[in-house]
Amino acid sequence: MTEGAMHGEVVLVSGAASGIGAAVVQRLREEGARVAALDRQPVADADASAQADLRSAEAVTQAVGQLVSALGPINALVHCAGVCPAGGTLEGDDELWLDTYSVNVLGALRVMRAVLPGMRERGAGAVVLVSSINARFATPTLAAYAASKAALEEVARTAALEFAADGVRVNVIAPASVDTPMLQASFARADDPAAARQRNVQRHPLGRLGTPEDAAELALFLVSPRSGWITGGIFPLDGGAGVTRR
């Protein structure tokens, strides 16, 4: 039996308790990685787990330190954690917008600050940030979320350029509608959740919602040696929705 593509590599996965993060944990372990899970709640299926609220730099630093102590230096990061508040441009107050940015943008930076120095020192590493199709399309019902994801993509492009000479690659996955608890919660807020789900499915030319496993497969590729000459990319995972937004 051949070894997996990530045999022996230590990969930190944030937002690891559910949705895309949980699928990434499983897929990486199938490929031989040792997974360090970061979430607000314990993650039983990882090789090591630590808890932190991404709003706190101190908590993130401490949690990552615990994971490094348990498994060793972090070779790759898949950052899946985020929040998705509903609301249009004028519907959210300052607190909602600041909180969204604190989690979705600064949260990613807090995790990166904890792991990137070690990667740069070793001359190798891979970072994958999970964004959204909404970073590229006007999204009146998710204004703060969409703006934060657009900011996250610019962070990734800048980091990719800054750290390329150190052998550290930074890429982004930009999903459309992936069937996660976060998406299901958005359907539940509708007057007719079943109809809301069906309308959403119809926005994707491939005729279905994405699955967390779809995202995990792309994340695996982007942190593995198979993508060794790819950095600074924004990769749509959208069932064709970006071809014809409808």
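Predicted model: local features only at pLDDT ≥ 70, side-chain atom pairs only at ≥ 80, totals over all residues.
Local features need pLDDT of at least 70 and side-chain atom pairs count only at pLDDT 80 or more, while totals for chains, interfaces and linings use all residues. Residues are numbered from 1 along each chain as its sequence is written, and side-chain values use heavy atoms, with hydrogens and water left out.

Helices here are DSSP runs (H or I, at least four residues), numbered from the N terminus. Axes are lines fitted to C-alpha atoms over the stretch in contact, and angles run from 0 to 180 degrees between N-to-C directions.

| Helix pair | Axis angle | Axis distance |
|---|---|---|
| α3 (residues 94–122) and α4 (residues 143–163) | about 20 degrees | 9 Å |
| α5 (residues 181–188) and α6 (residues 193–202) | roughly 125 degrees | within 8 Å |
| α2 (residues 57–71) and α3 | roughly 40 degrees | within 9 Å |

**α3 with α4.** The angle of about 20 degrees makes α3 roughly parallel to α4. Angles under 35 degrees count as roughly parallel, over 145 as roughly antiparallel, 65 to 115 as roughly perpendicular and the rest as oblique. The contact (heavy atoms within 4.5 Å) includes Trp 97, Tyr 101 and Met 112 of α3 and Tyr 145, Leu 152 and Phe 163 of α4. Its residues divide into 17 nonpolar, 3 polar and 2 charged. Here Ala, Val, Leu, Ile, Met, Phe, Trp, Tyr, Cys and Pro count as nonpolar, Asp, Glu, Lys and Arg as charged, and the others, Gly among them, as polar.

**α2 with α3.** Ala 57, Val 60 and Val 64 of α2 meet Arg 110, Val 111, Ala 114 and Val 115 of α3. That contact has 6 nonpolar, no polar and 1 charged residues.

**α3 itself.** What is the span of α3? Its 29 residues should span 42 Å at 1.5 Å a residue, and its end C-alpha atoms are 40 Å apart, which agrees. The expected span is 1.5 Å times one less than the number of residues. α3 bends by about 40 degrees at Leu 106; the bend is the angle between axes fitted to the seven residues ending there and the seven starting there. Just after α3, Gly 123 has a positive phi of about 80 degrees.

**α5 with α6.** With axes crossing at roughly 125 degrees, α5 and α6 are oblique to each other. Leu 183, Phe 187 and Ala 188 of α5 touch Pro 193, Ala 196, Arg 197 and Asn 200 of α6.

Terms used
Helix = DSSP H or I, 4+ residues; strand = E, 2+ residues; numbered from the N terminus.
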